[in-house]
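Hello,

I am passing on a structure that you have not seen before. Please open it alongside this email, and then read on for what turned up.

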Amino acid sequence: MPNFSCILYALKVTHRVQVHGESVHFKKEKRRVVVADQYRRPRGNTTASASTSASGQQPSSSPQAPQSRAKKWAKFICGKHGVEIVSEHDQGNGRIRFPVVPRKPRTVTVLVQNHGAEAVTLRRCQPRRRVREFSFTDEQGVTQGQSLLLHPGGSYPIQARCLATCNGYFHAVVVFEFTKEPDEPFSIGRFIAAVAESKLAKDLGPSAPFQPYQSSLQQPVTVITEDGIPPDSSLKNELESEIPLDTYDYPKSLKDAILRGPRASSGWADMQSLLEAPLQPENYQQKFQLLLHLEEIQMEVDIRRYDMQDVTMVQDRALLVLDVPGVAESRPSVLKGDHLFVHLSSERDHSPLVRYKGYVHGVELEKVRLGFSSKLQKKFVNNLKFDVTFTFNRLPLQVQHRAAALAMQRGLSGLLFPSSSCHQSLFTGTFQPRWFDRKLQANEEQCRAVTHIVTGMSRPAPYLIFGPPGTGKTVTLVEAIKQVWTCFKDARILACAPSNSATDLLCQRLIKDIAPRYIYRLVANSRSYQEVPADIRSCCNWDDEQSCYVYPSKEHLQRYRILITTLVTAGRLVSANFPPGFFSHVFIDEGGQAVEPESMVAIAGECCPPAVSGTSVCMAWGPPRPLLSSPSVPRAPECHGPGDQPQRGAAGAGRRPPAAGPHPEVAAGHRARLGHLAAGEADAAQPPVQEVERRVRPAVRHQTALELQVGTGPLCCVRLGAGSGSAPAGCAVPGGALGTRGIRPGHCSASARSHETILRIPNELFYDSELKACESDELDVRSLYCAWEELPKKGFPVIFHGVCGEEQREAKSPSFFNTAEIEVLVHYLKKLLQSQGKGGCPRVSPKEVGIISPYRKQVEKIRKAITSLDPVLRALPDISLLKVGSVEEFQGQERRVILISAVRSCSEYFPLDETFNLGFLKNPKRFNVAITRAKALLIVVGNPAVLSKDQHWHRFLGYCREEGGYTGYPYEDESPAEDGLAADLHALRLGN
């Protein structure tokens, strides 16, 4: 236990108390509540932090500190009383940086200079915390606590020695403590960093110094807009539009109420009352539409983060090309058919202001091709500067608003709030299928689920497929679709998923056994045709003659028995107004990644009331856990579909997992736990990093809704009722559950995906240890790497390779990358792919290996290293088949070998990660997805000191160390005395 003086010291250094003699004063923390902008910039000038070195490398590529911290840092490093700290390796902003070579010590000199008129005493020089690689020495013992009098004009050298044992980024904050008569103490700090890197890491380094986004632009009062030229492909539409799509603009009074707050707004009480009310058929439309309005208000604030000033464009025939850093990571999200506004920078103060609307004709990496009016084209000259204002596509919001309205207008309360099931099979005899996937015959749970879905025993309630990752939810869903197609010759099936990748996966699996002439994959025209998998192009809506997507007429689409589309694009089918009952079955894959109104686009738009030979609906999802920050558990939309959960965050927090409580009349018949509703377990992204279909941002992020405890997303209203029995295993039931609807889902618990050691931690953290690694009579690929010579411990196919790297950013891209981790990944890749069956490593092809990283820039750098820079890897014939992607791109997928690069090496952004579900850190869903993709070998590369700050990563790291799977940079748990104690004291909110 730390003693009192240790506690007092921790309080003092964290500015929680002030000590005056024998008195200790607790400081009251000043808090300012702001609504909305998660990217809000602090006021004031932060140019001091943007200095760069002569080499062009940004001195610190770590995250930009909040303004208050930046001010404290500037005060900490600035010279005082004529005393300056200098070094030949100065990088500016109090940073000293120099290169080193592993296992070769290097010493640099730091000079303390007194340019003042009076002598000062250098009392001590020491790092804030001990760093293994650094040592500090001097002749007079200042680094040992001996005082030294430094006269005017004098200087004194301090030697900083670094001995690194491996490549990486090693740093220390050094504090120089002084006293000036009469007994006036002051201190000056320096950030000293040593970098050991290979040629590969240097080649992958920043292409240009990082430049933070500029401040948001002022919105002009009077604007004249010149319309642009939309892409031609948006005009190739033969699909009818019989049901109108309203604009569904939010009322101005709603925004006014939010801005004025509860005390000054008469509309606040009504809003609060509706948000807190239980979800019922009577308020279904009003409640979800209010939540969608709140979400849109939040999106308006967020998009301003990306506005740019004083940027140039390049002319490419009739189009202008704009560089938009971060667009590949959907920051901002810009898709074909979207639009943005520009005006001349030189005219930004004019009124009226002429702005030009530019339509997006294409997006290639970070370049956006725009169609503007001829007036701008005539004005355009090279190097002409523009201010850019981004917008977001409202179509996903509009189709969800309409879905919420149609749900009640079409009498679907019996489907959304079921009170019973018919228990009548659609078969007169026994259902005896010919299994397409013969492996299912050995799994009783999956067989039972397919049987219940096909026979329609749950009607009118939807059927939910429920289970942890790797338990075969998508396999079950796909088999059910194939059986429905086989058994009912007049069946018409609508199969959907939230993302393009998940929808593509459904299509790929279905065409293995169903001829493409029966299947039609409807793709949104915002998607690049190059991103459509080659094996499904023959059944998608691309027209080779016109070189664009087309939307065929309703009559043409009715020729197909299976239509496959994303949930948002299903809105086009709703507009077409297919005849009642045309779709006999609706299946939704990856249901846990969709908010409820998004799922309702397919359900409410295409289902007919239960009284009119209702459509069968099925969905699949994985279980939510109490770990999520939501005070309530979302409920699954009713349709056929599965999804790994708890998995994606967002911006993925908005893809809320559905929850279905057991219906008393149905529970007994579904003890196999594979349930009512079928969706699938494909992959998705933030909104998917590479996904091009628009999706609403993570559910309710609006502060108003959060304060009223609606949950972390707008669409997380629960219909788990105390009166309907217990929730599925692993589901948290809030005290005020909002209804009594739901049924016992079918539950898959046997995982065929991964080796038992890979599953152990997610099983313990997220699934109450219910997940079981099933046995296999065939060659078990899960054990193939247990004797690999690179394993720290044989028989334990999990490696945590500790790396002390540097997280960096470049140019105007907000995305992080870490070259030290890429070096390690390349090392393991070469060992795997060059093994030739030696060293206990079986032959493995690139397509059986996957690399996951949460940041788009790291994905880009890894691909560059593999395909361009490393001569060994780039020479491999099938290296292009090795998939490198974000967590979402691997959702629902698996590889024999998975390597993970965590990237982060600085804990400064942890609060942002936790609040907004960014990256892996503080996001249990992404963590769970990442480490459960591997079947036989899992390799994690990351900074253990940083990752251990998160409880889930800390548990995984501890597990690897306990089992002997840790290697790389030496790591020991930090002593709780200072850093840990300070954090604990901060959490106590002392002095508030």
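One definition to begin with: a polar contact is a pair of N or O atoms within 3.5 Å; within protein, one must be able to donate a hydrogen and the other to accept it, and residues adjacent in sequence count only if both atoms are side-chain atoms. Please keep in mind that this is a predicted model, where local features need pLDDT of at least 70 and side-chain atom pairs count only at pLDDT 80 or more, while totals for chains, interfaces and linings use all residues. Residues are numbered from 1 along each chain as its sequence is written, and side-chain values use heavy atoms, with hydrogens and water left out.

First, the chain as a whole. The protein chain has 26 helices and 36 strands; these are DSSP runs numbered from the N terminus, with helices being H or I of at least four residues and strands E of at least two. Of its 992 residues, 58% count as buried, meaning under 20% relative accessible area with a 1.4 Å probe, protein chains only. Contact here means heavy atoms within 4.5 Å. Among contacts between residues at least 6 apart in sequence, 78% join residues at least 24 apart.

Now to glutamine 400, which sits in helix α8 (residues 395-409). Its relative accessible area is 0%, so glutamine 400 is buried. The side chain of glutamine 400 reaches the backbone nitrogen of glutamate 598 at 3.3 Å. Glutamine 400 also lies 8.7 Å from glutamate 596, C-alpha to C-alpha, although 196 residues separate the two in sequence.

Glutamate 596 turns up again in a helix pair. The axes of α6 (residues 284-303) and α15 (residues 596-606) come within 11 Å and cross at roughly 125°; axes are lines fitted to C-alpha atoms, for helices over the stretch in contact, and angles run from 0 to 180 degrees between N-to-C directions. The two helices, α6 and α15, are therefore oblique to each other (under 35 degrees counts as roughly parallel, over 145 as roughly antiparallel, 65 to 115 as roughly perpendicular and the rest as oblique). Here Tyr284, Phe288 and Leu292 of α6 meet Glu596, Pro597 and Met600 of α15.

A second pair is α23 (residues 924-931) with α25 (residues 951-962), whose axes come within 10 Å and cross at roughly 30°. That makes α23 and α25 roughly parallel to each other. Pro924, Phe927 and Ile931 in α23 meet His952, Trp953 and Phe956 in α25.

Enjoy exploring!

Definitions and conventions: Buried means under 20% relative accessible area, exposed over 50%, partly exposed in between (1.4 Å probe, protein chains only).
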